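Trainee: Please pick one feature of this model and take me through it closely. I'd like to hear about the charged pairs and what surrounds them.

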Amino acid sequence: MKVTIVGAGAVGASCAEYIAIKNFASEIVLVDIKEGVAEGKAMDLMQTATLNGFDSKIVGSTNDYSKTSGSDVVVITSGIPRKPGMTREELIGINAGIVKEVSGNLIKHSPNTVIIVVSNPMDTMTYLVHKTTGLPKNRIIGMGGALDSARFKFRLSEALECPPSDVDGMVIGGHSDTGMVPLTRLATRNSIPVTAFLSEGRLNQVSEDTKVGGATLTKLLGTSAWYAPGAAVSAMVQAIACDQKKMFPCSALLEGEYGLNDLCIGVPSILGKDGLEKIVEIELTDAEKAKIKESAEGVKKTNDLLTF
């Protein structure tokens, strides 16, 4: 099992570290455009192997995609990070060119790979990869929903004053501060609906805190978060690499599902060896349907800024 991560910044390096620690990949390749960064981080990570008990081989490459040849899964994190006050949508002009070039280089060397897109604005970058590569829809996946759901569950456990492992919940919709749709109605604590424990007002606050989860961290850190994004994408890579058939909310190309067409947006999806193996359609309330439709309209507006 060979995994490539393009972009050896904070998110890419964290993703590589989590994948290595889980010890399911034989080789992890880090690629970056900046001279020596990928090689340095790969070496630094390899020096933790005996301490963290993994045998994965980690190698770095400065823009040499031949080293990525034969990758089973590739992750695209490259692009400029969000700065304080900057929306994900404002990143589109710069990051679209980067993602288009990167995906082309990856497919040239790994034509059968599964691509996971992390670069922002993520739903639009995932759509761009679909439109420019011609790969089957199951082999292109956007990461956002897995991260947003993790943040949602953290906020729920905080409100419930319980361990995070007690909580289950999901965020669908666009990966943006206004596009997320936290499904509070379906969230549970050990199979009991959280509505049994929390008031409507408190749940609304949990939803709002979830939506601005990325922006909150950007304000605190001065740049985008990296631990949770890295962990989210590593979990998705593992689900594919190990054929786990796990369900994550992922940005998928919709062709009629949820009444939506010709866009990528977060929906419950089963991940296995073939990538995104199934989109799961769940019954939504009228209010939830309205929110997902509004979210989709926002994503399409951003998509309209793309030039192919």
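**A closer look at the salt bridges**

Mentor: Happy to! Glu 288 is buried, with a relative accessible area of 9%; buried means under 20%, exposed over 50% and partly exposed in between, using a 1.4 Å probe and protein chains only. Bear in mind that this is a predicted model, in which local features need pLDDT of at least 70 and side-chain atom pairs count only at pLDDT 80 or more, while totals for chains, interfaces and linings use all residues. Residues are numbered from 1 along each chain as its sequence is written, and side-chain values use heavy atoms, with hydrogens and water left out.

The partner of Glu 288 is Arg 185, and their side chains meet in a salt bridge at 2.8 Å, N to O. A salt bridge here is a side-chain nitrogen of Lys or Arg within 4 Å of a carboxyl oxygen of Asp or Glu. Arg 185 lies in the loop between β9 (180-182) and β10 (188-189) and Glu 288 in helix α10, so this pair ties together parts that are 103 residues apart in sequence. Helices (H or I, at least four residues) and strands (E, at least two) are DSSP runs, numbered from the N terminus.

A search of the whole structure finds 10 salt bridges. Another of them joins Lys 211 and Glu 208, with the closest N and O atoms 3.4 Å apart. Both residues lie in helix α7 (residues 200-211), 3 residues apart, about one turn of the helix. Lys 211 is buried at 17%, whereas Glu 208 is partly exposed at 41%.

Then there is Glu 277 with Lys 245, whose side chains meet at 2.6 Å, N to O. Glu 277 lies in strand β14 (residues 275-279) and Lys 245 in the loop between α9 and β12 (246-255), so parts 32 residues apart in sequence are tied together. Glu 277 is partly exposed at 30% relative accessibility, and Lys 245 is partly exposed at 41%. Elsewhere, salt bridges that share partners join Lys 137, Glu 255 and Glu 257 into one network.

Let's return to helix α10, which also holds Asn 303. Asn 303 counts as buried, at 7% relative accessibility. Leaving out residues up to four places away in sequence, Asn 303 touches Thr 124, Tyr 127 and Leu 263, where contact means heavy atoms within 4.5 Å.
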